[in-house]
Amino acid sequence: MSTNLSSMLVTKKYYFKCEEAHIPSALTEAITLLEYALSQVKISSVKKSREKSKNENLFSPVDLNNQIKAVLKEKGLSSYRIRCRYENSNIEDAITKSNQLFEDFKVLKFNKAEFQTAYLDFLTSLGSNSDIKFYSFTSAWKRLTKGFTSHEEEEKPKFIQKEGKQYSFDSSLINEEEPNPFISYISEDFVGFREMDFIYESELNHEKVGIEVQFGKYAFMVYNVCAKMKIFEKHNAIQYGIEIVPTKAMQKYMSTGVSFYEQFVWDLNERGAFTEDVPTVVLGVQPNSEGFEMLKDTTLQNVSIKANTLEINTNT
């Protein structure tokens, strides 16, 4: 029978702005969950190296990220996004005006011509260089009266009720979590997001832990712990953080440019923790012995790095 015996192990832990003996219960719970989840990661692919300074066969950072994230999703963890809005754009002003138009008509009875006049005046007030685009009157009217479809293709109820030639908004049908129904598109040049790989919420006290899986360059690790964790705490999305990174033992068998636990911990120690920092535990991970044995497989000798991955099984 052919099966893959490889898995990921947490072999090192570093406590940043918190003490091992007194870490919050939410962090303890999250670490326990992660140790179990990582043990179920089955490393099924590696890639062939073109770097003369490296072993011929390497672990694929992209593949490892995907495999770990897939297992964590199976454990019920999900990502979380915070929307970014930047300065020097008219997005905020446009959204304020569109929301006001919506609010004005929520309390009125009106006919189509009255709404058309107000809507076209609203579009004119935005000018031609708006960073946010709205539906034409025809499209907006259809969305309001016939219902509209979300990104998930779920049919939404129509917002407007008709009595003769008079229309009115039915507030009971308006979901406050839905975006303004007039908005068609917001320029990606001015609106982005920051995403946490996973959020763990404690069932005991409902405190939340942000979890980042990082098999990339040093700068990303530093950004995650010293900047991203704070941003998400500021938005009340998390109280604590966990950063998952490879150990030096594993990094030796990865592409040049990938950083590792020992270097990251040294830098955090030299920098020190500040009052504003979020208590975070850095987990150093690496494959078990079966995972390292995969690198000896000779069937990869003719595989192009462009293919990136190849399934490998160990026999039992």
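Tutor: Of the 316 residues of the protein chain, 46% count as buried. Buried means under 20% relative accessible area, exposed means over 50%, and partly exposed lies in between (1.4 Å probe, protein chains only). This is a predicted model, so local features need pLDDT of at least 70 and side-chain atom pairs count only at pLDDT 80 or more, while totals for chains, interfaces and linings use all residues. Residues are numbered from 1 along each chain as its sequence is written, and side-chain values use heavy atoms, with hydrogens and water left out.

First, the setting. The chain has 9 helices and 16 strands. These are DSSP runs, numbered from the N terminus: helices are H or I with at least four residues, strands are E with at least two. Among contacts (heavy atoms within 4.5 Å) between residues at least 6 apart in sequence, 75% join residues at least 24 apart. The chain exposes about 17200 Å², and carbon and sulfur atoms supply 49% of that area. The areas come from the Shrake-Rupley method with a 1.4 Å probe; for residues, only the protein chains shown count as cover.

Now the part itself. Helix α3 covers residues 91-106, 16 residues in total. From first C-alpha to last, α3 reaches 22 Å, close to the 22 Å expected at 1.5 Å a residue. The expected span is 1.5 Å times one less than the number of residues.

Which residues of α3 are buried? They are Ile91, Ala94, Ile95, Ser98, Leu101, Phe102, Phe105 and Lys106. Seen down the axis of α3, these buried residues fall within an arc of 140°, so they line one face of the helix. The arc is that of the directions from the helix axis to the C-beta atoms. An α-helix has 3.6 residues a turn, so residues three or four places apart point the same way.

Take Lys106, which lies in α3. Lys106 counts as buried because its relative accessibility is 16%. The Lys106 side chain makes a polar contact with the side chain of Glu103, at 3.0 Å. A polar contact is a pair of N or O atoms within 3.5 Å; within protein, one must be able to donate a hydrogen and the other to accept it, and residues adjacent in sequence count only if both atoms are side-chain atoms.

For contrast, look at helix α8 (residues 261-271), which holds Asn269. Asn269 counts as partly exposed because its relative accessibility is 47%. Asn269 and Phe16 are 253 residues apart in sequence, but 8.5 Å apart in space, C-alpha to C-alpha.
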